[in-house]
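Open your viewer and get ready to pick out residues one by one.

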Amino acid sequence: MTTSELTVRVETVLRDTPRISRYRLVAEDGLLPGFEAGAHIDVTCPGGQIRQYSLCGAPSSAPEFYEIAVLREEEGRGGSLSLHRDVAAADRLSIH
């Protein structure tokens with residue numbers, strides 16, 4: 001994964017539990033950089049916070065999407081709350 005900024009569209013938001021949501025992210029131009037096991041991305045949350053999330057799923061050299069799981073932290077610094085409250089399918093996010 002490169003460190004350049006990408007704009008991605010939230011394809012789906014799946015509420016696995018009341019506190020865990022999965023976000024499927026697709027590239028605006030259809031191309032995402034490949035990744036290896038243990039990779040993560042920096043996500044700029046709607047509230048302006050930048051948080052790191054591990055990529056879920058099998059590593060791929062040409063992924064069709066990225067998926068992250070986010071635990072809602074009520075007592076955190078606001079990034080997970082911002083994602084849970086303010087992000088829905090079709091929204092756009094900036095990632096690095």
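The stops below go from an aromatic pair to the core, the cysteines and a histidine.

Before you start, note that this is a predicted model, in which local features need pLDDT of at least 70, side-chain atom pairs count only at pLDDT 80 or more, and totals for chains, interfaces and linings use all residues. Residues are numbered from 1 along each chain as its sequence is written, and side-chain values use heavy atoms, with hydrogens and water left out.

**Stop one: two rings**

Select Phe35 and Tyr66. A search of the whole structure finds 1 aromatic pair, and these two residues form it, edge-to-face, with 5.8 Å centre to centre and 85° between the planes. (Rings of Phe, Tyr and Trp, the last by its six-membered ring, pair if their centres lie within 6.5 Å; planes under 30 degrees apart count as stacked, over 60 as edge-to-face and the rest as tilted.) Phe35 sits in the loop between strand S2 (20-27) and strand S3 (40-44), while Tyr66 is in strand S5 (residues 66-71), so the pair ties together parts that are 31 residues apart in sequence.

**Stop two: the core**

Now select Leu25, Ile68 and Leu83. These have the most contacts inside the largest nonpolar core, which has 20 residues. (Such a core is a set of buried Ala, Val, Leu, Ile, Met, Phe, Trp, Tyr and Cys residues joined through side-chain atoms within 4.5 Å.) Strand S1 (6-15), S2, S3, S5 and strand S6 (92-95) each give two or more residues to this core.

**Stop three: the cysteines**

How many disulfides does the structure hold? There are 0 (a disulfide needs two cysteine sulfur atoms within 2.5 Å). Cys45 is buried, at 3% relative accessible area, whereas Cys56 is partly exposed, at 29%.

**Stop four: a histidine**

Finally, select His84, in helix H1 (residues 79-86). His84 is buried, with a relative accessible area of 7%.

Definitions and conventions:
Helices (H or I, at least four residues) and strands (E, at least two) are DSSP runs, numbered from the N terminus. Buried means under 20% relative accessible area, exposed over 50%, partly exposed in between (1.4 Å probe, protein chains only).
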